[in-house]
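Dear colleague,

I am passing on the structure below, followed by an account of what was found in it. Please read the notes alongside the coordinates.

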Amino acid sequence: METKIRDKKGNVPDWFTPEKLEEFRPAIEAAAQEKVDRLVAAWTPEFRAALRKLRERKTAP
Amino acid sequence: MNAAFYETEWYSECLMFWFTSTGKESIIKVILFKPTEEFDVYEIALGDLNPDGSIDLDARSDNGDTEEVLSTVAKAVLFFLSDHIEAQVVIEASSDSRARLYQIAIKKEMTDLGNYLVIYGFDNENPEVLRSDKNYKKFVISLKENRLEF
């Protein structure tokens, strides 16, 4: 696979550090979970069935 | 030719990635793969991290590097799936314009990643192989069989 990386972490904003990310992580996770829960709540039974069918097709011998 | 993409760092069993979007300004982007109540099905959340620790998951940052950002997300999906080989990843567009953007990006990435990934678009509730003359609001991505070595 071709790999071209535009940025090598040289432009990270001053305020950001991996430690900050760890500190923020619970809030990030919670916000993402809230959004995902909202999206998933709107999934119809037909969509869920289609997901399962795709999985079965993939795992079929 | 495939777009350039940003180097990502990952956390937490490949469930969270971050990278710096360096367009008009430098923005920390976070990609999360969140499990759903469906077995081994994950939804993607992509957001801009703010200095106060909040994350804007519906941001249109208009940073001038959309192509690179979407290409980075595509690589993160492949990386995630290489670690969760039976998983299905659902991507949902929040608007028609974003759906079109995703579709263009997916089509472009398929040149590179099509050997590794299976992608279905959902029109209403029926999955179908992506067609360029149709717009899809949801995409489901999984790893192709026997494509674990790359």
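**The interface and the helices**

Between them, chain B and chain A bury about 4,700 Å², with 62% of it on carbon and sulfur atoms; buried area here is the accessible area (1.4 Å probe) that two parts lose on being put together, summed over both. B:Glu7, B:Lys34 and B:Glu38 supply 13% of the area that chain B buries against chain A, more than any other three residues. This is a predicted model, in which local features need pLDDT of at least 70 and side-chain atom pairs count only at pLDDT 80 or more, while totals for chains, interfaces and linings use all residues. Residues are numbered from 1 along each chain as its sequence is written, chains are lettered from A in the order in which they are written, and side-chain values use heavy atoms, with hydrogens and water left out.

In terms of contact (heavy atoms within 4.5 Å), 58 residues of chain B touch 43 residues of chain A. The interface of the two chains holds 5 salt bridges, each defined as a side-chain nitrogen of Lys or Arg within 4 Å of a carboxyl oxygen of Asp or Glu, and A:Arg48 and B:Glu37 are joined by a salt bridge of 2.9 Å, N to O. Over all chains the count comes to 14 salt bridges.

Within chain A, A:Glu23 forms a salt bridge with A:Lys20, the closest N and O atoms being 3.7 Å apart. Both residues lie in helix H1 (residues 18-41) of chain A, 3 residues apart, about one turn of the helix; helices are DSSP runs (H or I, at least four residues), numbered from the N terminus.

With kind regards

Key. Helix = DSSP H or I, 4+ residues; strand = E, 2+ residues; numbered from the N terminus.
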